[in-house]
Amino acid sequence: MLNKSNDLNEKQPSKNDQTGVIGAQQFRQFLRNRNTPLLIGLLIYIAIIALIEPAFLSAYNIRNVMLQVSVAGIITIGMTLMIIAGQIDLSVGFLVGLTACIMAALLKAGVPEIIVAFSGLFICISSQMVTGLVVARLKLEPFIVTLGMMAIYRGIALLLTRGAEIPLDRKFEFLGRSRFFEIPTPVFIFIGLMILFAFILSNTVFGKQLFAVGENNEAAYLAGINVSKFKIKVYALHGLLAGIAALILMSRIGVGSPNMASGLELETIAAAVVGGAALAGGRGSIFGSFLGVVFLGIISNSMNIIGVSTFWQYIMLGAVVIGAVIIGGLNKDK
Amino acid sequence: MKIYQKLFIGAGLGLVGLMGSTAITLAEEIGYVLAGPDIYYATEAELFQKLAEDAGHTVTVANSEYSPSKELANVEDFIARGVDIIVLLSANAESGTQAALRAKEAGIPIFFVAALPSPAGYDIPTGIVSGDWIDMGKTVGEYVGKNHPGKNVALLEGVYGQGIAEMIRKGFDTGIANANGGNEVVLANSAGWNRKDGLAVTQDFLASSKEFEVIYAMNEEMMAGAIQALEEAGELGNYALFSGNGKEIGWSWMRDGIMEATVANPPTLEADLNFQMVQAHIAGIDYPRHVYNIQPLLTVDNLDGAVPWVIDDYLAMKASGKLVVDLFAQPEIKSMEVWEASGSSN
């Protein structure tokens, strides 16, 4: 019971499945999967919006949505790892903002791009490791510690910038603005990281330990896992992903700004929860989080396309989050 | 003799001290409450602080982080501290009015800048310098109606709820109606005053099947996002672009032929008017109680007279005599226009 991953491919078909009525078995398995209601809901929503506004399914808009969710999606991977491990991070939005400001300032000072990129990753990883160290060693609530860190990151960023943007003057555009085969680079990075972490969660010892730590700290400790060290490792991975997101976001919008990623922490927590992650820990999946982040991104995009007020977007987003949690709860009870 | 000498020296020192303390009491302690960490607001506070400190006052700046309760607490803290004057850059009309009421009850003059109280509390502040946001929108609306008749418009609006975006929208709708050019707003949504959302919302608008030829972003940050979206879609040059606030980046877009016009709303000039108002109050001189910031339409033809946002450039322009800012030359506003909560899409 260590691995509670809910990916659609989580169960391998038995020999009977392969020789018997494979279609029916797999269909039943598909229906039982925790992500299925979300996938069906997403498809229904897409169909309705496409009927109202056919341009919604244009290649331009599909690329658009994927590009818009790629930064939040990358952070959602990290947030999913954190939530599965029983952690939460409220500071990530302002950490991304602070890191982007520092990187933009370095670029402005003429520091080579590659050094700037590694500095950004280093800042995010080390900051998250410090947070992880405080949470794990002092056994403090991550909610409170990361809330404090959020204020610290924000304060430093504002001290550095006075609230102003630091323009990149068209430097460092590759990561955020380039395309391969007409597909934006951030989308490739997002999808690539999703696949990589889905694999890690389903097929590695790290993945099994992650679920074990999130499910029950003591049981994990008794099973031989150094829980504190493991949690710091999770924070570091989350920091790495936040660093990648900061690089892409800064490159994409061409500035470093303290508030450029504010709100992303809640958006990514919501995406992970919509995708089936349990805030109590021990449950969640990368595929579910992918669906969650895409669903939330599509709501905002579709409302803009059909010309619905922002107020309705908030209501719709709230309804989807609550609906997904209710369905997730019902599924859990089955 | 020594005693007399000591008494004489002591009396002399006492007199110098008294003169010094008299000079100090002429200077005022000013509490400046800032709505939040934003470059517009930061520039307002920074220039005000510089001008006030050059005049011998002390200024303490508190930041409300866009929280109405924190804003009220900041004003109460300044009242408790016993400052002589409070300047309030409020992000919320209602809480700002409540804060102004507390200050008034405590007998402390309170000046609003870049903000308005609620209509019911219009008479509470000692003085007000604000943007004429309705007129900002109206100016652009009339220009669009006159120069792009019949064209559909997509709007990138600010944050709803502050009142500013709503007032600009109200003015814009009035402007296009006044111009009678048959323009219609076919898409409108909030892009949160920032570049990131300006980019995303414009991308969404471009993906929509609704036809539009004009994009009006209410500030230059959102316009920066819109320009990037157009650039990436290969559509730059196919739309008439308009923004608001008249920041330096907008000047370069107009010089490059990317954007057609913006309406100036420089925080530097507003801070200067605010400082002059506070000085007049300290000196006991009559002054116009409510004035608007000076907000001309900027196009490539009149950029030479555009007022900078950068403080050093602003002060240099003033020092050169090219810019004269006189509070007493501004028409006094006697009532405030009321905005309606909208945020409707189109």
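These are my notebook entries on a predicted model with chains A and B.

**Entry 1: the contact between the chains**

I started with where chain B meets chain A. The contact draws 34 residues from chain B and 33 residues from chain A. I then looked up the buried area between the two, and it comes to about 2,700 Å², with carbon and sulfur atoms giving 44% of it. On the chain B side, R195(B), K196(B) and D204(B) lose the most area to chain A, and together they make up 21% of what that side buries.

Next I went through the polar side of the contact. I found 14 residue pairs in polar contact between chain B and chain A, counting pairs with both residues at pLDDT 80 or more. Which elements of chain B give two or more residues to the side that touches chain A? I noted helix 2 (39-54), strand 7 (184-190), helix 7 (195-207) and helix 8 (220-232). Helix 7 of chain B gives the largest share of that side, 10 residues. I also sorted the side of chain B that touches chain A by class, and got 12 nonpolar, 12 polar and 10 charged residues.

**Entry 2: salt bridges across the contact**

How many salt bridges are there between chain B and chain A? I get two. I looked up the pair R252(A) and E232(B), which form a salt bridge with their closest N and O atoms 2.9 Å apart.

**Entry 3: salt bridges elsewhere**

Over all chains, the structure holds 14 salt bridges.

In chain A, R177(A) pairs with E173(A), the closest N and O atoms being 3.5 Å apart. R177(A) has 24% relative accessibility, so I put it down as partly exposed. E173(A) is also at 24% relative accessibility, and counts as partly exposed.

D54(B) is exposed, at 59% relative accessibility, whereas K50(B), at 36%, is partly exposed.

The last pair I checked was K334(B) with E332(B), whose closest N and O atoms are 3.6 Å apart. K334(B) is exposed, with a relative accessible area of 67%, while E332(B) is partly exposed at 35% relative accessibility. I also noted a network: R170(A), E173(A), R177(A) and E231(B) are joined into one by salt bridges that share partners.

I checked helix lengths here. Helix 5 of chain A has 17 residues, which at 1.5 Å a residue should span 24 Å; I find its end C-alpha atoms 24 Å apart, so the two agree. This helix is mostly covered, with 13 of its 17 residues buried. Just after helix 5 of chain A comes G110(A), which takes a positive phi of about 90 degrees.

Helix 6 of chain A (residues 113-137) got the same check. Its 25 residues should span 36 Å at 1.5 Å a residue, and the end C-alpha atoms are 36 Å apart, so this agrees too. Its buried residues include V116(A), G120(A), L121(A), I123(A), C124(A) and V135(A). What do the buried residues of helix 6 of chain A pack against? I found helix 5 (92-108), helix 7 (142-161) and helix 12 (227-253) of chain A. Helix 6 of chain A is followed by K139(A), whose phi is positive, near 50 degrees.

**Entry 4: chain B overall, and T139(B)**

Chain B has 11 helices and 12 strands. Of its 346 residues, 55% count as buried. I looked at contacts in chain B between residues at least 6 apart in sequence, and 74% of them join residues at least 24 apart.

Is T139(B) buried or exposed? Its relative accessibility is 19%, so T139(B) counts as buried, the cut-off being under 20%. Leaving aside neighbours within four places in sequence, T139(B) is in contact with V263(B) and L297(B).

Conventions
Residues are numbered from 1 along each chain as its sequence is written. Chains are lettered from A and ligands numbered from 1 in the order in which they are written. This is a predicted model: local features need pLDDT of at least 70, side-chain atom pairs count only at pLDDT 80 or more; totals for chains, interfaces and linings use all residues. Side-chain values use heavy atoms; hydrogens and water are left out. Contact means heavy atoms within 4.5 Å. Buried area is the accessible area (1.4 Å probe) that two parts lose on being put together, summed over both. A salt bridge is a side-chain nitrogen of Lys or Arg within 4 Å of a carboxyl oxygen of Asp or Glu. A polar contact is a pair of N or O atoms within 3.5 Å; within protein, one must be able to donate a hydrogen and the other to accept it, and residues adjacent in sequence count only if both atoms are side-chain atoms. Helices (H or I, at least four residues) and strands (E, at least two) are DSSP runs, numbered from the N terminus. Ala, Val, Leu, Ile, Met, Phe, Trp, Tyr, Cys and Pro count as nonpolar, Asp, Glu, Lys and Arg as charged, and the others, Gly among them, as polar. The expected span of a helix is 1.5 Å times one less than its number of residues. Buried means under 20% relative accessible area, exposed over 50%, partly exposed in between (1.4 Å probe, protein chains only).
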